[in-house]
Amino acid sequence: MARHRNIRNRRDSDDYDYDDVYGHSVEEDSCLSPSDTSQWIYDRSRNHHAISSFLDSHDDIQEEVEEDTAEQTGPAQERRESTDIRNLALTDDEEAKLLSCLVELRDILGDTVSENVLIQTVLNNKFDFAKALDEILNRNKNKDKETEKVISKPPPVVLIESAKPVITNVDKTPKVIAINVEPKVGIIKGFKVEQDGGPGSRPQTPRDQSPATERINQIPSKVKEKIDPNKQYSTERGSEKDHLYIVVIGHVDAGKSTLMGRLLCELGEVSQRTLHKYEQESKKIGKQSFMYAWVLDETGEERVRGITMDVGRAQFETKSKKVIILDAPGHADFIPNMITGAGQADVALLVVDATRGEFESGFELGGQTREHALLVRSLGISQLTVAVNKLDTTNWSEERFNEILKKLKLFLKQAGFKESDVTFVPCSGLTGENLVKPPTELELCKWYKGPCLLDVIDQCHVPVRPVAKPLRITINDIFKGTGTGFCVAGRIENGVLNKGDKVLVCPIKEIAEVKGISINDLSSNVAFAGDQVSVTLSGVDIQNVAVGFVLSDPVQQVPVSSRFEARLVVFNVRVPITKGYPVLIHHQSLVESANIVKLKALLNKSTGEVLKKKPRCLGNNSVAVVDIEVCRPICIERYKDVKELGRVMLRVAGVTIAAGLITDIYNT
C-alpha cells in the first residue's frame with residue numbers, strides 16, 4: 001500500500017477541501033412548508049375514490065382511433081423500400097454500370113431523389129445515364145406544375161347566410177365573404193423558406209440565414225449538359241495547328257537519333273549552350289559524332305552504349321502542324337519498346353543507312369528494317385516516309401539512291417503500303433543536308449529536285465480523330481506525381497477526356513476520378529482522341545493499376561476477355577504453327593503469354609476465301625482464322641469497333657511471327 005500512496009504524510013485537508021463529496025449531507029439554503037409540499041407532491045390516496053367511481057360508471061370505454069397511423073408509417077415504409085443491389089441478380093458488368101450511373105446521378109441530383117427510384121429508373125432505361133436523368137427531371141417538372149396549379153387556384157368564395165332578422169328593415173340578401181384558404185404544405189424540418197423573391201423577403205436573423213433554407217426540396221438548376229464532342233473539338237482545337245505523332249524506325253546504327261537531333265537543332269529547338277555541352281562531353285569519351293543523338297538519348301546508359309533503348313520524345317512545329325517525334329529503339333532486344341512507340345503514332349519515318357554493306361545487313365533476313373516496316377503496317381500506319389541517310393558517304397550517288405529505292409519499293413508494296421503513301425528523301429543527319437532547307441550540295445542538286453525532309457513531314461495527312469466514340473485510354477506508364485493521387489501516361493484512342501470525369505479502370509473494374517490532365521507537359525482541362533496525355537487519378541490504389549490497362553467510359557465499357565478470335569497473317573516462322581502453340585501477345589503496351597488453342601480456317605491471301613477448314617498447321621506467309629487464349633483477362637475490342645484496340649502482334653523468341661485483327665470476343 002505504501003508503495004503506491006504516501007499514507008503517513010498525508011493530510012486530510014488535502015483530499016477533502018471541498019464540500020460537495022458523494023456521501024456527505026448538504027444543507028439546503030431554502031426549505032418547503034408543509035402546505036407547499038402538499039401542493040406540489042402527488043398523493044395517490046387523495047384521488048383514489050374519484051378514479052374508482054369513474055371506472056364504475058363507465059363500463060365500456062372505447063379506444064380512440066389513431067388518425068395519424070397512416071402518416072406515421074409512411075416514412076418507415078419508405079426507409080424499408082431501399083433496394084439492396086445484391087438482390088437484383090445482376091452480372092458484374094451490369095452492377096458496375098448501375099453503380100456508375102448512380103454516382104453520376106447523385107453528383108447532379110444530390111439527395112433530392114430516393115435511392116430506389118434512381119435504381120429503378122436506371123434499370124428501366126437499360127443503364128443509359130442520359131435517358132435516366134431526363135426521366136427523373138421530367139418527373140420532377142410534372143410535380144412542380146401540379147403544385148403550381150394548386151397554388152394558382154383563386155380563393156374559394158363562401159356564402160354565409162345572415163341570421164334571422166329581429167328588425168324587419170334588415171336586408172335579407174346573402175353576404176359574400178372572400179376567405180383566402182392556404183394550400184396544405186407538408187411539414188418542413190429546418191427553417192422557413194420565403195417564397196417571395198423581393199429584397200425584403202430574405203431572412204434577417206442568423207438562425208434564419210442557415211444554408212438549410214437553400215437545400216429544402218431544391219433540384220439543382222444547373223445540370224451537366226452533354227456537349228457534342230465534335231463541336232467541342234472544333235472549339236478547342238479549331239485555331240490550333242494539327243497534332244501529328246511520328247515514330248522514327250529503322251535498323252540499329254542507321255542514324256535515327258542523330259538525324260532527329262540535327263533536325264531539332266536546325267529548327268532552333270535546342271540551345272547553343274546545350275549543344276556545346278553535348279559536344280564537349282561526347283569528345284571526352286571519343287564519340288563526337290554522337291553529339292546530335294544525345295539530344296534525344298538522355299540517359300547515361302544510352303550514351304555510354306551508343307544506342308537508343310527507350311522511346312525518346314521531342315516536338316517541333318512546321319508551317320501547318322505541331323509534330324511530336326517518337327524516337328524508337330532499333331536494336332532487336334528493344335523491339336517491345338518500339339511496338340509501344342509505334343502504337344502511339346500516326347505516321348512513320350523509316351531511316352535507312354545508304355553506306356555500302358550497312359543497308360544490306362539491315363534489309364536482309366534478320367535485320368530490323370524489314371521487321372520494323374512490317375510492324376508499323378500491322379499496327380495500322382499507312383503513311384511512310386523513307387529517309388535515305390548517310391548518302392554523303394557515297395558522294396551523293398544517284399545510282400545508290402535508285403538501288404535502295406527499287407529494293408524498298410518492292411518490299412513495302414508486299415507489306416501493304418500504297419505507292420502513293422510512300423515518299424523517299426535523300427539526306428544526311430550529320431551534315432544537315434536536305435533536312436530543313438533545299439539541298440546545296442552540287443552532286444545532289446544535279447539529280448534531286450524534290451522537297452526537303454521537313455516539307456515532306458508537313459505534307460503528311462493527320463488521320464480523323466474519333467472523338468465521338470466511347471472513351472478509351474491505353475496506359476503505357478505509371479508514376480507518382482507531386483500532389484495527391486498518382487499519374488498514368490498513355491494515348492487517348494477514342495473519345496474526349498475532361499477534368500473531373502469519372503473513368504473505369506479495366507480490367508479490374510474500379511471507378512477513378514480525373515484530377516488533372518497534362519498534354520506534352522502542359523496542363524489542360526480537356527484532351528481528345530490522338531493525344532498523348534498524363535492523367536492524375538484518385539479513388540483507386542496505384543498498386544492495383546498496371547501497364548496495359550485501359551481507362552474506359554463507365555457506361556460503355558471496354559470488353560474484357562481471355563479468349564478471342566483473330567485473323568492472322570503469318571510471317572516467317574522456323575516451326576509451323578500448330579494447335580496449342582505458345583506465343584507472346586503484344587497488344588498496345590501490354591505483353592502477355594498466350595496459346596493458339598484452335599486453328600479454324602486457312603484463307604486465300606488476296607481474296608479472303610476459305611481454302612481449308614481446321615488445318616493441321618500454318619506455314620510461312622499464310623493467312624488463317626484462329627482462336628487465341630490469354631493467361632488472364634485483358635481489355636480488347638473488335639477491329640471493326642475500335643481499330644487501335646483490335647490489333648495484336650505475336651512474337652516467339654524475340655522474333656515477330658504474326659500479326660492479327662480481332663474479329664470476335666468470347667465471354668469468359
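Start with the open sheet: 6 strands in the order 4-5-3-6-7-8, with mixed pairing. Helices (H or I, at least four residues) and strands (E, at least two) are DSSP runs numbered from the N terminus, and two strands pair if DSSP finds at least two bridges between them. At the edges, select 312-317 for strand 4 and 422-426 for strand 8; each pairs on one side only. This is a predicted model, with local features needing pLDDT of at least 70, side-chain atom pairs counting only at pLDDT 80 or more, and totals for chains, interfaces and linings using all residues. Residues are numbered from 1 along each chain as its sequence is written, and side-chain values use heavy atoms, leaving out hydrogens and water.

Next, select 242-250 and 321-327: strands 3 and 5 pair in the parallel sense over 7 bridges. Zoom in on Leu244, whose bridge partner in strand 5 is Val323.

Now pick helix 10, residues 256-266, where 10 of the 11 residues are buried (under 20% relative accessible area; exposed is over 50%, partly exposed in between, with a 1.4 Å probe and protein chains only). Among the buried ones are Lys256 and Arg262. Just after this helix, Gly268 takes a positive phi of about 80°.

Strand 7 (384-389) pairs with strand 8 in the parallel sense over 5 bridges, and Leu384 has Val422 as its bridge partner in strand 8. Strand 8 is mostly covered, with 4 of its 5 residues buried.
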